[in-house]
Each structure stands twice: as structure tokens, then as C-alpha cells.
Amino acid sequence: MNSIDIRLRKIQKEKRIGLMTHVVVGYPSLFETVSLVETMERAGADFIELQIPFSDPLADGPTIMKACEKALRKGVRVRDAFRVAAQLKKKVEVPLLFMAYYNNVFKYGVKRFCTDAKKAGVSGLIIPDMPIDEEHGEHFFAACKKNNLYAIRVISPVSTIGRLKKNAKGAKGFVYCMARQGTTGAQKKIDPNVVAFLKKVKEVFKIPVAVGFGISKKEHVDLLKRQVDIVIVGSAIIDAINRSNRKEIAKSTQQFIESLIKVPR
Amino acid sequence: MKNHGHFGKYGGRYVPEMLMPALEELEKVYEKVKKNKSFQKEVHYYLQTFAGRPTPLTYAKNLTEKLGGAKIYLKNEGLNHTGAHKITHCIGQALIARMLGKKRLIAETGAGQHGVATATVAAKFGFSCTVYMGETDVYRQRPNVFLMERLGAKVVPVAFGNRTLKDAVNAAIKDWITNVDSTHYVLGSVVGPHPYPIMNRDFQSVVGKEVKKQIIKAEGKMPDYIIACVGGGSNAMGIFYPFIKEKLVNLIGVEAGGKGKRIGQHASRFNGGSVGVLEGFKSYFLQDNDGQIQKTHSISAGLDYAGIGPELVYLRDKKRMQFAAVNDKEVIEAVSVLSKTEGIIPALESAHAVAYALKLAHTLSKSKVIIINISGRGDKDLFILARAFKDKNFFNFLKSQLSI
């Protein structure tokens with residue numbers, strides 16, 4: 001059984017919304033990446049995306065783009081992501097997922113990437129520019145399956161029913177829905193059309209639904225609470241890190257995450 | 001199985017889900033209009049009455065005699081409206097965008113030629129227009145920024161990455177992801193996700209079709225060599241495509257050798273590049289072992305793309321075409337030679353093809369025929385050329401303009 005399923009069961013049992021948070025590996029530094037993930041787990045994250053920095057992150061807005069650029073300038077390598085994940089696996093229980101662009105996976109070698117990810121204790125991969133349509137030449141989804149890694153499908157509000165069905169086939173864990181059409185980045189408001197989109201998704205996908213892109217406040221989380229199983233927060237956390245004094249990154253991150261999911265007890 | 005834009009293992013459509021519906025729709029509409037006579041007629045109408053097709057194939061008599069080898073012909077695409085071959089696929093794509101009900105065109109541009117051509121068709125066919133251009137290129141090709149703005153387009157300088165063509169493509173894709181309902185992305189080369197490489201190649205293949213007729217008329221036979229510069233590869237695929245089945249015609253693509261062989265000093269994908277996936281397609285890219293895209297350099301803003309059209313790599317693998325590279329110095333020399341011997345000032349991009357021909361022609365017998373694709377004219381390179389030729393009087397003139 002994949003640890004993503006175990007965590008999903010726990011969330012359902014506790015009748016609450018799950019939270020997936022995000023770090024860029026090597027931002028602000030490799031050392032801080034490790035401590036940030038530990039902090040995120042303490043603050044209540046259920047899943048954590050470790051984004052491998054890429055020179056040309058197509059689906060990312062300015063916040064994550066800049067974080068990638070800075071990490072790469074410091075010399076962060078793809079192999080560092082595996083090292084960080086393996087190190088974390090000894091320290092945290094929260095399921096870890098790699099988020100990466102396909103070129104990094106392809107150059108590393110698809111098979112080798114998947115076996116090394118498994119060895120490092122990673123539970124799933126989110127590769128937004130590796131569509132199911134190219135599987136015949138890449139054998140990426142097959143390699144994930146072989147290594148018990150969940151290849152998380154990312155779908156968008158403009159996805160047609162046909163595309164949703166294509167993606168739903170063989171999908172495991174949860175489905176990653178974009179709350180709006182655009183690149184990643186914190187927004188003031190959640191697009192009200194998201195509710196209709198999520199309804200469409202739930203008719204097609206029989207697995208839990210996660211929503212990301214633009215989520216940055218408790219009111220966003222509250223709005224989505226009844227619609228979805230997991231909320232995903234990425235750029236907003238990096239924004240909080242950037243606002244914070246370097247020495248207080250852990251504290252600011254913890255406070256920010258708690259402010260998103262705090263429930264009156 | 002249906003071909004989804006694959007050329008052997010290259011090409012394809014490696015994009016996030018949010019772009020899939022738009023690309024599928026574009027493909028569907030393109031497949032339909034491709035066979036539609038009235039659409040083809042309309043494209044042809046604007047190519048003739050607006051863009052100025054057909055462009056001439058000019059016998060370069062002086063240059064041929066000077067080099068004393070093969071007979072040299074120039075396909076003068078610089079005589080197109082807006083100064084280069086780019087207007088051809090822009091007209092085609094604008095007509096498709098109208099059919100898709102889009103209101104806005106966006107484009108990336110390196111040298112500015114594709115940006116100017118997109119801004120031009122936007123004005124002509126009533127679209128609003130935004131063009132993304134790397135900050136470095138805005139500086140290098142400032143006259144084209146001026147022209148795009150006069151044509152009513154908004155030019156957005158891209159201040160991330162290497163600040164050149166690749167980054168402009170990234171910025172345009174991000175815009176398209178956000179505004180896909182209202183916007184058509186006029187991708188300007190034979191790169192990107194399917195159907196762009198095929199669609200732009202088809203539109204540009206009018207160049208090769210014209211050349212075929214023109215050279216038969218002039219020489220009564222096929223050429224022995226066709227030489228074209230290759231950034232993304234739109235002018236090269238355009239002139240090569242109708243000749244692919246003519247096995248005796250040597251097809252040569254010329255890459256930007258820049259100022260050295262080290263990574264970062266050139267844009268020759270076949271010198272240090274490897275297979276990768278970027279900006280929606282699989283091809284050759286200048287990248288490190290991790291797959292991070294590397295810096296490039298060329299004196300010409302239109303050739304410094306880190307990747308190359310997938311079909312060109314496929315043709316190279318199949319040994320149907322060869323690649324060469326020339327350096328910045330040879331390119332400047334080629335501009336000078338062609339201008340003075342033939343009265344044609346080529347764009348710095350096209351001068352790469354000229355520079356290679358200068359090395360090749362004298363090694364061939366007089367019975368051989370070379371065709372060089374002069375993909376654009378050199379007006380846009382005024383400032384780069386003025387500096388390269390150390391034209392003091394021109395800079396004094398610029399100073400005097402500032403004091404008015």
C-alpha cells in the first residue's frame with residue numbers, strides 16, 4: 001500500500017480537510033529545505049511536494065520561478081533532491097512527492113528516476129508536462145507503477161470531459177485540480193467557477209480531489225472545505241518565507257500554515 | 001496509428017493539461033483547413049496581394065564569378081512585407097485564429113521579425129496583440145520594438161532566464177495558459193507542441209515550392225545544394241520541405257557558431273546539445289547533464305534559441321540533411337560581401353547561410369548550383385552592423401538626433 005492512501009484514510013477518518021504544502025529543493029538552501037519540511041509536518045501538512053528546480057518552469061508564476069532560479073544559481077542538482085528526500089524520510093512521516101518538469105526526469109533517465117525516487121522514500125510524482133498522451137514513447141507511467149509511485153494527474157478548468165476521462169484512467173492517490181486557468185501564484189480571490197469545475201471532476205474521478213493554484217488564505221480553505229479533500233498551498237508559503245527574517249523562517253512558516261487550517265477546538 | 005506530431009522520437013506534445021484542449025482544437029481546425037480549397041485560396045490571396053509573394057530567385061552573378069565555383073542563386077525572402085519569411089505563417093495563423101473566434105494574438109520574438117509580422121497581421125485582421133521579447137533582444141533589436149508599437153502591439157520585455165528567445169517563448173506560453181479562451185498563440189517557428197511544427201512548415205513550404213519552379217525555369221534542373229540558417233528552423237523547413245524527396249539535392253542547415261566552441265558562447269545544438277523535452281516538444285537542446293537549459297550566444301537574435309525544430313533533427317538522423325556552423329566574424333564578413341557584390345543586405349540570421357556558401361562554392365565545379373535562402377533583409381540590424389563596421393559617422397548622427 002502507498003503511504004498516500006494511508007494518509008488519505010487518516011484524513012477521512014478525522015473528517016477534516018487535508019493539506020499539501022510545497023518547497024523548492026534548495027530554496028532558500030538545502031539545509032533549510034530539510035528543516036522547512038519538518039516544520040510543515042509539525043504545523044499539520046499531510047503531504048509535501050518537493051519541487052526539483054528547473055531552468056524553465058513553464059507552469060510556474062514569478063514566486064516559484066524566482067525560487068528555482070535562486071536554487072539553481074546556488075548549484076542545486078537533481079541528485080540533491082533524492083538526497084534531501086532520503087534524509088527527510090528518517091525524520092518525518094508525512095508522505096513526500098516530487099514535483100518536477102519532465103526534462104529533468106528524462107535526462108536523469110525515466111527508469112532510474114523512478115527507482116531512485118522509491119529508494120529515497122518518495123510516494124508520488126507530479127510531472128505536469130508529461131501527459132498521458134506521450135506514454136507510448138516515454139513509459140513514464142509504467143515506471144511509476146512498477147515502483148509503487150503514484151503519478152498524480154494534474155487537470156485544469158478547461159479540461160474537456162474527454163480529457164478528464166483520459167486522465168482518470170489508472171489515476172491513483174488523488175487528482176490535482178487547478179483552481180483557475182493560469183500559472184502558479186497566490187491570488188486574492190478564488191475563482192467562483194471552481195465549484196462547477198469540481199463537480200465535473202467528481203463525476204469522472206473516483207479518487208479524492210485536491211485543489212491548488214492561487215490558494216493563500218484561510219477563507220480560501222474554508223470556501224473549498226466542503227468541495228474537496230485536500231487543499232494545496234505552494235507559492236503563498238514561499239511568499240511568507242520571503243517576507244520573513246532569515247532566522248525566523250521556521251516560525252513564520254509554521255504560523256502561516258497554522259493560520260490556514262486552524263480550527264477552533 | 002495517427003501521427004501526433006512525432007518525427008521519429010522527436011516532436012510530440014509535452015504540455016501541461018491546461019494547454020491540451022487548445023492544442024487539440026488548433027490541430028482539429030488545422031487538419032480541416034489544410035484540405036480546404038477556399039481557405040488555401042484565401043491564404044494565397046493575402047500572400048500575393050499583401051505579403052508580396054512570390055519572392056524572386058536571383059542569380060548572384062557577381063558573387064558566382066568572384067568565388068569561381070558553383071553557380072549561386074539567392075531566394076530573396078527579404079522582399080516579403082515586413083522584411084522576412086515570418087509574415088507567411090503569420091497570415092496563415094491569423095486566418096486560423098479568426099476561424100477559432102479568438103480576439104487576441106500573442107507571440108514571442110527574438111530578432112523581432114516574427115513579432116513585427118504578428119503585429120502586422122493583428123493590425124490587418126483586427127486582433128489585439130501582445131509580443132514577448134527578451135530584454136536582451138529588446139536592446140539588440142530596438143528598431144523592431146518601435147515598429148511593433150507603431151503597429152499597435154504591446155511589447156513586453158521578458159526579464160527572467162537568459163532574457164532572450166527561449167524566455168520569450170516561456171512568457172508567451174504562460175500568457176496563453178492564462179488567457180487561452182480569448183487568445184491564439186502565434187508561435188513563430190517550427191518548434192513547440194504539435195501541431196505548430198507541422199503547421200508552420202506547411203505554411204512556409206510555399207518558399208520551397210516557388211524555388212522549385214524558379215530554378216527549373218532558370219537552370220532546367222534541380223539545384224545541387226540548398227543552404228538555410230537554422231534557429232528554430234522555420235525558413236529552413238520552408239525551403240527544404242518540397243525537396244526532401246529529391247534525394248540528389250543536398251540540404252544544409254547553418255547554425256550560429258557564435259564566438260567560440262564552449263557552452264554559452266554559441267547556439268549550435270549539434271555542438272554539445274542532447275535530446276531533451278522543453279516548451280512542449282522533444283528535440284535537441286543545449287542543456288547540462290541535469291537537463292537545465294544552458295545559455296546561448298549569437299550575434300543574431302533570431303538564431304540563439306537553445307532548441308531546434310524536431311523535424312530537422314529527424315532529417316539529420318536520417319542523413320537527409322547536414323548541419324554546419326559559422327561564427328559571428330564570418331557572418332559580419334558575409335554581410336559585407338553580399339552587400340557589395342550583389343546589392344543585397346541580408347539579415348544577420350540569413351548571413352549565416354551566406355557565410356557557409358562562401359566557404360562551399362569555390363570547392364564545387366561550375367556545373368553545380370547552390371541556392372541560399374536569404375530569409376530576411378538586414379535593415380533591422382542597423383545598430384549591430386554600425387557597431388560591427390565601426391561606423392563613426394553613423395554614431396555621430398545618432399548623437400545629433402538626440403540633441404534635437
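Q: Where in chain B is the place of B:Pro54?

A: In this predicted model, B:Pro54 sits in the loop between helix 2 (37–51) and strand 3 (57–59) of chain B. The peptide bond that joins B:Arg53 to B:Pro54 is cis, with omega of about -5°.

Q: What joins A:Tyr27 and A:Pro28, and where is A:Pro28 placed?

A: A cis peptide bond joins A:Tyr27 and A:Pro28, and its omega is about 0°. A:Pro28 belongs to the loop between strand 1 (18–24) and helix 2 (30–43) of chain A.

Q: Why does A:Ile152 count as buried?

A: The relative accessibility of A:Ile152 is 5%, and buried means under 20%; A:Ile152 therefore counts as buried. A:Ile152 is placed in the loop between strand 5 (150–151) and strand 6 (154–155) of chain A.

Q: Which residues does A:Ile152 touch, not counting those up to four places away in sequence?

A: The residues touched are A:Leu97, A:Leu125, A:Ile126, A:Lys172, A:Phe174 and A:Tyr176.

Q: Why is B:Asn144 called buried?

A: B:Asn144 has a relative accessible area of 3%. The cut-off for buried is under 20%, so B:Asn144 is buried. B:Asn144 is part of helix 7 (residues 142–150) of chain B. Beyond its neighbours within four places in sequence, B:Asn144 contacts B:Ala111, B:Gly112, B:Gln113, B:Val116 and B:Lys380.

Q: What makes A:Asn148 partly exposed?

A: A:Asn148 has a relative accessible area of 37%. Buried means under 20% and exposed over 50%, with partly exposed in between; A:Asn148 is therefore partly exposed. A:Asn148 is found in the loop between helix 8 (140–146) and strand 5 of chain A. A:Asn148 is not a glycine, yet it has a positive phi of about 55°.

Q: Why is chain B said to be as compact as a globular protein of its length?

A: Chain B comprises 16 helices and 14 strands. Its radius of gyration is 20 Å, close to the 22 Å that the globule rule gives for 404 residues, so chain B is as compact as a globular protein of that length. The C-alpha trace of chain B spans about 60 × 55 × 50 Å along its principal axes.

Q: At what angle do helix 4 and helix 9 of chain B pack, and which residues meet?

A: Helix 4 (residues 86–99) and helix 9 (residues 196–204) of chain B pack at an angle of about 115°, and their axes are 8 Å apart. The crossing of helix 4 and helix 9 of chain B is right-handed. From helix 4 of chain B, B:Lys86, B:Thr88, B:His89, B:Gly92, B:Gln93 and B:Ile96 meet B:Tyr196, B:Met199, B:Asn200, B:Phe203 and B:Gln204 of helix 9 of chain B. By class, this contact has four nonpolar, six polar and one charged residues.

Conventions: Residues are numbered from 1 along each chain as its sequence is written. Chains are lettered from A and ligands numbered from 1 in the order in which they are written. This is a predicted model: local features need pLDDT of at least 70, side-chain atom pairs count only at pLDDT 80 or more; totals for chains, interfaces and linings use all residues. Side-chain values use heavy atoms; hydrogens and water are left out. Axes are lines fitted to C-alpha atoms, for helices over the stretch in contact, and angles run from 0 to 180 degrees between N-to-C directions. Helices (H or I, at least four residues) and strands (E, at least two) are DSSP runs, numbered from the N terminus. A crossing is left-handed if the near helix is turned anticlockwise from the far one by less than a right angle, and right-handed if clockwise. Contact means heavy atoms within 4.5 Å. Ala, Val, Leu, Ile, Met, Phe, Trp, Tyr, Cys and Pro count as nonpolar, Asp, Glu, Lys and Arg as charged, and the others, Gly among them, as polar. Buried means under 20% relative accessible area, exposed over 50%, partly exposed in between (1.4 Å probe, protein chains only). The radius of gyration is taken over C-alpha atoms; the globule rule is 2.2 Å times the number of residues to the power 0.38.
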